[in-house]
Amino acid sequence: MWNEEQKAVIKSNAPVKQVIAAAGSGKTATMIGLLAEQERKGGIRPDRTLIVTFTNKAAEEFQNRILQNLLSDRYIILTFHAFCYQMIKSYHPIYSKSPMRIIEKKQLEAFTIDFLYKDRFKIGGTPFSILFRQNAYYFKSEHPEIYEKYIKALSTWKAKENLLEFEDLPLITLNGLENKENWTHILPSLFDSVIVDEFQDTDTTQLKILQQIRPPNLIVVGDDWQAIYGFRGATPEPFLNFPTYFNKTEQFFLTTNYRSLKGIIDLSTHALQKNKSKISKIVKSHRNGNASVLQFTMENPKSDRYNMVQKLEKALMEDKESIMLVRSNFRRKEWIQSGIPEKKITTIHAAKGLEYRTVILDLSAGWSMPESMDNTLLEEERRILYVGISRAKDELILLGRKLPKRKHGLEDEFFSYFRNFDSQGKPTLRYRLLW
């Protein structure tokens, strides 16, 4: 049932484990196997085991997998923010006695619009999606003085109205732990084991909380190649350098991909070749067979969409396991206007963790490449490209545009990565384009 790499994780008694899991390598199944082994040996108390997931949906799925495998229903499964919320609500001297008011999205937008109105000409009407993207990277770099004033005003407003943002919850928890506040003394004693899933999406605050708690048994699972949440303040650095933060870390690799055919795996790996900040691993395909890789080009990514929808009709309509993946919600709306059904198209971020027989990946438009983009952001964009490709099991269709004479975008660079691959995802001196 388990391959040798999975068995090594499941059987290990190392107090600190870092599991570096390639896309499609069965990391969740391996974690379930580890819990089952620990229950069998009596080496774990489910009610003193915290399992941290990245999203509420992931927490629900993990819970379902535990119940399906007839394991204990007493595991504590939470997102990092939910964990901090429960700790603060249970033990904080102020918030345990009074309601915590979390700012709603509309409230924050209204405050931001009102505050930035006087500087609207300096900002130039930049949409919030760009202004606050990548943890407000554009805002900080292009308008540092305005950003600093905005943060101060936001803090003052929250204090006056007794409001909190979700991002305040980890900060309150960490500050309490670092300052050894009385209410946090109990936190390190609550759990014997902590498992953190998708650890590549951890930010430095969450890392420091783990360092403060230091459970007797700690397992972090993730894939730095899939670290794509920089816009939320996450960074792959804690995962890349995890052994430097926790002594006696034992590293494990899960490198067998049970999802994709070899040609798809080779293409996805090729997308990351230029990234320097990564943990190297050789990913193997468990499945036999030849992948199908097609490339379509367009003269104009906007006006040619309607004709392209007709060419893609068979792949989209007849293949129930097909999806079109795009970089932005704006690009998604454009394709829907062109005739793609809403249920057959989503962003790459929304598809993370999912898989499809056929993936149509839009590399014709929608990938931003601002002049101020540094190498850190560029490497994350390549990881987003990797995630998009690695959703495919059997077939990948890449959409690009003919190389423009003047301005080249990030999507043009990415599409060029694959010009020298044939219809099975194999490198070749020639390239095949379908017109």
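Predicted model: local features only at pLDDT ≥ 70, side-chain atom pairs only at ≥ 80, totals over all residues.
Residues are numbered from 1 along each chain as its sequence is written, and side-chain values use heavy atoms, with hydrogens and water left out.

Let me begin with the rings. Rings of Phe, Tyr and Trp (for Trp, its six-membered ring) pair if their centres lie within 6.5 Å, and the pair is called stacked if the planes are under 30 degrees apart, edge-to-face if over 60, and tilted for the rest. Counted in this way, there are 17 aromatic pairs. One of them joins F54 and Y229, a tilted pair with 4.7 Å from centre to centre and 50° between the planes. Because F54 lies in the loop between β2 (49-53) and α3 (56-68), and Y229 in the loop between β7 (217-222) and α12 (237-240), this pair ties together parts that are 175 residues apart in sequence. Helices (H or I, at least four residues) and strands (E, at least two) are DSSP runs, numbered from the N terminus.

F54, at 25% relative accessibility, is partly exposed, whereas Y229, at 8%, is buried.

A second tilted pair is F111 with Y150, whose ring centres are 6.2 Å apart and whose planes stand at 45°. This pair also links distant parts of the chain, since F111 sits in helix α5 (residues 105-116) and Y150 in helix α9 (residues 144-161), 39 residues apart. F111 is buried at 15% relative accessibility, and Y150 is buried at 4%. Both residues belong to a cluster that ring pairs build from F111, F115, F139, Y147, Y150 and W157.

Next come the charges. A charge sits over a ring if NZ of Lys or CZ of Arg is within 6 Å of the ring centre and within 35 degrees of the ring normal. K281 lies over the face of W225, at 3.8 Å from the ring centre, and R327 lies over the face of W367, at 5.9 Å.

Finally, let us return to helix α5. Its buried residues are F111, T112, F115 and L116.

Terms used:
Buried < 20%, exposed > 50% of the residue type's maximum accessible area, 1.4 Å probe, protein only.
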